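Please look over the structure below, with attention to its strands and to one of its helices.

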Amino acid sequence: MTKNQQYLLYILLVWALIFVVHLDVIYINIMEARNFITAREMVTNDNWILTTLNAEARYEKPPLPTWLTAISGILFGFTSVFGLRLPAALVTLLLLYTFYRLLPKLEVSLKQSFLATLILASSFYIIFMGRNGQWDIFTHSFMLVAIYFLWNFFGSEKNLLKNAIFGGIFLGFSIMSKGPVSLYALLLPFLIAYASVYKFKGFKEKWKSFLVLLVLALGIGGWWFIYVRLADPVAFIEITSREATRWTNYNVRPFYYYWSFVVQSGIWTIPAFVALLYPYLKNRVANKKAYKFALFWTLAAVVLLSIIPEKKSRYLLPVLIPMALNTSFYIEYLFRRFKDLSKKEGYVVYFNHGLIAVIGLAFPIAGYFMLELEGHWFWYISASVILLGLAVALLYFLKKRKYPYVFFLTIAFMCGIMSFAFPLSDAFLKNPDFRNFDELQKFAEAEEFQVYEYVSETPEIIWEYGEPIPKLHADELRLPEADRFGIILQEKDSAFIDTLKRDFRVLSSRRYDLNYVSPEASTYKSRLIRMFYLLERRRE
């Protein structure tokens, strides 16, 4: 087996342990609920183009990731959270593989490409988005594949048409995943960095092939928008106008909001920060030109994202891609020179990996006192043994100043957390009042009545209910004509039922609470609670 094949095998193993194992443990969040509902209605209504959410038009996001999730839902069933999240995990594997294949083109060693890929795979927000049914990971993964072919296109005279075709296809796939987001957040910073460091040499001779790339990208990425604009113009214009407005007046944060971006890499926060210190690292790296490119790409992405008024933590996902490359230059330096570092330089390494070791040492004690371990003893004991063993090994090799062992043990530590400690997240889920809405759906189906929702609309509730819930608007209230129907509404709106008692009798009422965590938890949300009333029209 060649070194390249070994590295690919290790990458596949790390991916499986971090992104596939226990993929269905965490409950579905609001963004996932929206996406999964759209996929389910796509299949239920056999409408794969005009996407809907709760039977209403949802054109905020292009449908490529929804198609992939819908296909997975068909294969695994829409009750399988594992199956619904699997496409995101698989496209993360595509991201890692492409990243690994791209870096040697920068004339960095195959080993450094391997190290950088492991850094990317174990970065916090990559893990979060790669195990989550959200579409950001799709658009940026496809864009990185496009960048791979663009690099070939810009840097070589060979296979111009081939690279243009594949670059255009995956660029189109990226647009079909989340519109122009990755064009701005990942591709544009790449082009800025490439122009600054490598230049666009001989581009005049390539314009015909580049035109093919553009036509393919715009054709594949734009046809859905054109079709929906023609097929449902009123809803499309309303939705796109609302989305465009959000960029400037929704979730607005100051320019410096993203300046702590290195923390999104999790266990690599300190190395990622050190790698940004160009005056310190520039004469220590193996390839100064490639390091400068990685640094420019990272900083350009942060600056461009900072310009946009709307800011969210998950928008930093594309920054982690070039930052993993940038961090790898510092890690590669430690592989070569850690034994020779001065005490001052070594303190940073000891602190970073020593902190990880302390977490492993503290886990058995902290877990025993902080977690409700009934029914979770297997995972607690397994995680304690694994993390404690890895922590001791980390400290041992830190003392011996053998950094390669320290690095790979850190990767193993992340794999151990995801494989053995992650299932313990269920130990935090202890809401005594929990009641799922699938119970209400079964009740409504058995008693043959329709459930409506008054005023509010919560994706997680609709997802768990299993089918669309028609909405009753307060400003244009039109009550159902049926003699018997159900209404769910927030507890603060319960007085609305009193206004109906003149014309309706309340046959039954129940309280549904979809919060998995206890009311004392900071993540407990009142929007996941509903009162249900079964009403019957009075007859004189």
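The report takes up a sheet and then a helix.

This is a predicted model, in which local features need pLDDT of at least 70 and side-chain atom pairs count only at pLDDT 80 or more, while totals for chains, interfaces and linings use all residues. Residues are numbered from 1 along each chain as its sequence is written, and side-chain values use heavy atoms, with hydrogens and water left out.

Helices (H or I, at least four residues) and strands (E, at least two) are DSSP runs numbered from the N terminus, and two strands pair if DSSP finds at least two bridges between them. Five strands form an open sheet in the order E4-E3-E5-E7-E6, with mixed pairing. Its edge strands, E4 (471–472) and E6 (504–513), each pair on one side only.

| Strand pair | Bridges | Direction | A bridge partner pair |
|---|---|---|---|
| E3 and E4 | two | parallel | Tyr454 and Leu472 |
| E3 and E5 | four | parallel | Glu453 and Ile488 |
| E5 and E7 | six | antiparallel | Ile487 and Tyr533 |

Strand E5 (residues 484–489) is mostly covered, five of its six residues being buried, that is, under 20% relative accessible area with a 1.4 Å probe and protein chains only.

Helix H5 (residues 110–121) is likewise mostly covered, with ten of its twelve residues buried, among them Phe114, Leu118 and Ile119. The cover of these buried residues includes helices H1 (3–20), H4 (81–102), H6 (124–130), H15 (317–337) and H18 (403–421), where contact means heavy atoms within 4.5 Å. The end C-alpha atoms of H5 are 17 Å apart, which agrees with the 16 Å that its twelve residues should span at 1.5 Å a residue, the expected span being 1.5 Å times one less than the number of residues.

How values were computed. Buried < 20%, exposed > 50% of the residue type's maximum accessible area, 1.4 Å probe, protein only.
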